[in-house]
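Take a look at the model below. The paragraphs after it lead through selected parts, one at a time.

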Amino acid sequence: MAETLTPADVSRIAALARLDLTPEEIALFAEQLTAILAYADQVQQVDTSGVALTTAGMSGSEPLRAARGDDLVPSLPRETLLEQAPDADRAAGVFKVPRVLGS
Amino acid sequence: MSIPEQAAEIRAAVVSRQISAVEICRATLERIRQHDGRIHAFLHVDEAGALARAERLDRDAGSGAGLPLLGVPIAVKDNICTAGIPTTAASRLLERYVPPYSATVVSRLERAGAVIVGKTNCDEFAMGSSTEHSAFGPTRNPWAPDRSPGGSSGGSAAAVAAGMVPLALGSDTGGSIRQPASLCGVVGLKPTYGRVSRYGLIAFGSSLDQIGPLARTSRDAAALFSAIAGHDPSDSTSADTTVADCGAALNGDARGLRIGVPRDLLEHGVEPGVREAFERGLAALGEAGASITDIALPHASLSIPVYYLVANAEASSNLARYDGVRYGTRITAHGPRTTLSDIYYGTRALFGAEAKRRIMIGTFVLSAGYYDAYYAKAQQVRSLIRHDFEQAFARVDLVALPTSPTVAFKLGERTADPLQMYLSDVFTVAANLAGLPAVSVPCGLSDRLPVGLQVTARPFDEATLLRVADALERRVNFTPLKMPA
């Protein structure tokens with residue numbers, strides 16, 4: 001059965017995805033997501049008893065190389081990667097973030 | 001000086017020293033300056049880097065004679081990492097991101113002698129079908145500037161159509177190379193899943209994404225495809241198969257090829273002009289020696305809903321990495337005492353409306369209580385769609401459909417209704433769901449706008465796809481766009 005998403009549902013999903021939506025976005029998404037899920041309802045109507053899930057972009061019969069050897073290879077220097085960070089302590093070699101727990 | 005339009009001609013002229021790589025590069029940059037103010041295909045043009053690279057190629061010309069793309073200018077979609085050149089994926093989240101490494105495809109292009117001239121516009125994180133979801137403004141269709149070039153690789157398609165570059169790289173998760181190729185009147189190839197390395201491609205739907213070429217001719221598309229295809233140890237999903245020399249297969253005929261047409265899918269929603277151009281294209285393939293038969297793909301009509309469940313689930317997971325911690329922009333939502341959570345919410349507010357919508361759908365279908373009903377069910381129906389193609393390929397070598405049900409639509413016409421926008425990809429998404437290679441080739445005009453014919457092949461059979469694309473191109477009545485000087 002097609003799902004109807006209420007503004008409360010939209011807020012709950014937004015919190016799971018760490019998205020801070022405006023009241024206008026919540027109202028719009030409640031309407032649009034309900035319409036998209038109603039459209040997706042035709043998938044629910046298909047008889048899939050005994051059908052396996054697709055779990056990869058390629059099927060098993062295709063030539064996927066065996067896992068790589070467990071060898072050390074060079075990677076980008078730590079300093080180069082820390083240069084990309086919005087906030088970092090280069091000397092200590094760490095990314096910096098605000099306190100993790102609230103008061 | 002007149003500069004050749006096609007990559008093959010440019011390479012030949014540079015190899016024989018008729019023209020230098022620098023002259024080609026300067027002419028290309030000039031054409032971009034001339035046209036891109038109006039088209040907005042590029043988010044970044046790397047003038048200095050491209051000229052320096054061309055100078056190096058001219059200096060080493062003796063050793064470069066064997067390089068397959070020597071001196072050929074190329075544009076790269078902005079969701080593909082280029083070391084030292086900004087890579088934004090058309091998102092505010094990566095507005096100031098300059099990658100410290102290059103995607104494998106970019107390294108391969110450099111080894112092949114190509115000159116990367118800039119980064120092309122796209123829908124944010126490649127999510128869209130019109131390039132209107134770019135955070136930096138839409139790209140305009142060179143055929144009709146009030147219309148969309150399609151998307152998400154709209155900048156790449158427009159740059160090639162307008163003759164600013166002979167070649168461009170795009171990425172295709174549900175049609176994002178083929179649909180803009182169709183709407184801009186150029187050739188676009190989505191290779192088999194696993195054929196081209198995705199190392200350095202900013203991930204959207206990881207079981208669907210592929211990088212591929214856009215070009216003015218099938219021969220040029222084949223040259224670019226050959227340069228980027230092949231196994232890469234840095235991408236564990238890349239296939240360990242040999243890559244056939246696709247250029248050699250382009251002999252202009254389609255003799256002995258059996259092409260199936262799933263006619264049931266054409267009954268609704270296809271514009272009459274698109275339908276007519278498609279039928280003329282099929283007739284041309286018949287003249288080239290192919291036999292055309294009707295086939296059925298009973299579950300293909302479910303491709304769009306299956307795709308939007310699967311792709312958005314993967315997108316919500318892939319976009320979870322944009323948290324403002326390690327790279328990209330950080331915005332802090334200010335509360336009384338700032339915590340880690342405030343940088344998540346502050347930073348992720350930078351996503352545009354379409355990215356947010358898709359994260360929301362994906363998060364919902366993966367959430368507790370809904371996973372089986374939506375995501376698992378969609379992956380089962382995906383298996384049925386794959387099975388349909390396996391059955392079809394027991395009878396035919398190729399499957400043909402129009403690439404898009406419509407010609408280029410007007411900017412702004414579809415942005416208010418996401419479902420209508422999604423239907424733009426109704427004929428393209430099945431190839432992504434099944435992992436199959438597919439190409440769009442111009443097959444004519446409708447209302448003076450280009451129409452693309454899409455051909456899908458068995459896994460890893462890009463050589464046959466390009467052969468049939470070339471055969472069609474030689475017979476069909478289609479003249480590539482000439483931009484006013």
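This is a predicted model: local features need pLDDT of at least 70, side-chain atom pairs count only at pLDDT 80 or more; totals for chains, interfaces and linings use all residues.

Residues are numbered from 1 along each chain as its sequence is written, chains are lettered from A and ligands numbered from 1 in the order in which they are written, and side-chain values use heavy atoms, with hydrogens and water left out.

Start with chain A. Its secondary structure consists of 3 helices and 2 strands; here helices (H or I, at least four residues) and strands (E, at least two) are DSSP runs, numbered from the N terminus. Their order from the N terminus is α-α-α-β-β. Chain A has 103 residues, and 30% of them are buried. Buried means under 20% relative accessible area, exposed over 50%, and partly exposed in between (1.4 Å probe, protein chains only). Take the contacts (heavy atoms within 4.5 Å) in chain A between residues at least 6 apart in sequence: 29% of these join residues at least 24 apart. The accessible surface of chain A is about 6800 Å², with 55% belonging to carbon and sulfur atoms. Accessible areas come from the Shrake-Rupley method with a 1.4 Å probe; for residues, only the protein chains shown count as cover.

The largest nonpolar core holds 176 residues. Such a core is a set of buried Ala, Val, Leu, Ile, Met, Phe, Trp, Tyr and Cys residues joined through side-chain atoms within 4.5 Å. F125(B) and L169(B) have the most contacts inside the core. Helix 10 of chain B, residues 303–318, gives the largest share of this core, with 9 residues.

Turn to helix 3 of chain B, residues 47–59. Its 13 residues reach 18 Å from first C-alpha to last, close to the 18 Å expected at 1.5 Å a residue. That expected span is 1.5 Å times one less than the number of residues. Which residues of helix 3 of chain B are buried? They are A50(B), L51(B), R53(B), A54(B) and L57(B). These cover an arc of only 160 degrees around the axis, so they sit on the same side of helix 3 of chain B. The arc is that of the directions from the helix axis to the C-beta atoms. The buried residues pack against helix 2 (21–39), helix 4 (61–64), helix 5 (104–111) and strand 3 (115–120) of chain B. On the face turned away from the buried side are the exposed residues A48(B) and R59(B).

Next come the loops. H40(B) lies between helix 2 and strand 1 (42–45) of chain B. H40(B) has a positive phi of about 60 degrees, although it is not a glycine. Its relative accessible area is 22%, so H40(B) is partly exposed. A89(B), in the loop between strand 2 (73–77) and helix 5 of chain B, also is not a glycine and has a positive phi of about 55 degrees. A89(B) is buried, because its relative accessibility is 0%. A cis peptide bond joins G151(B) and S152(B), with omega about 15 degrees. S152(B) is in the loop between strand 3 and helix 6 (154–161) of chain B.

Finish at R263(B), in the loop between strand 7 (258–261) and helix 9 (272–287) of chain B. R263(B) is partly exposed, because its relative accessibility is 25%. Leaving aside neighbours within four places in sequence, R263(B) is in contact with R275(B), E279(B), L282(B), D294(B) and I295(B). With the side chain of D294(B), the side chain of R263(B) makes a polar contact (3.4 Å). A polar contact is a pair of N or O atoms within 3.5 Å; within protein, one must be able to donate a hydrogen and the other to accept it, and residues adjacent in sequence count only if both atoms are side-chain atoms.
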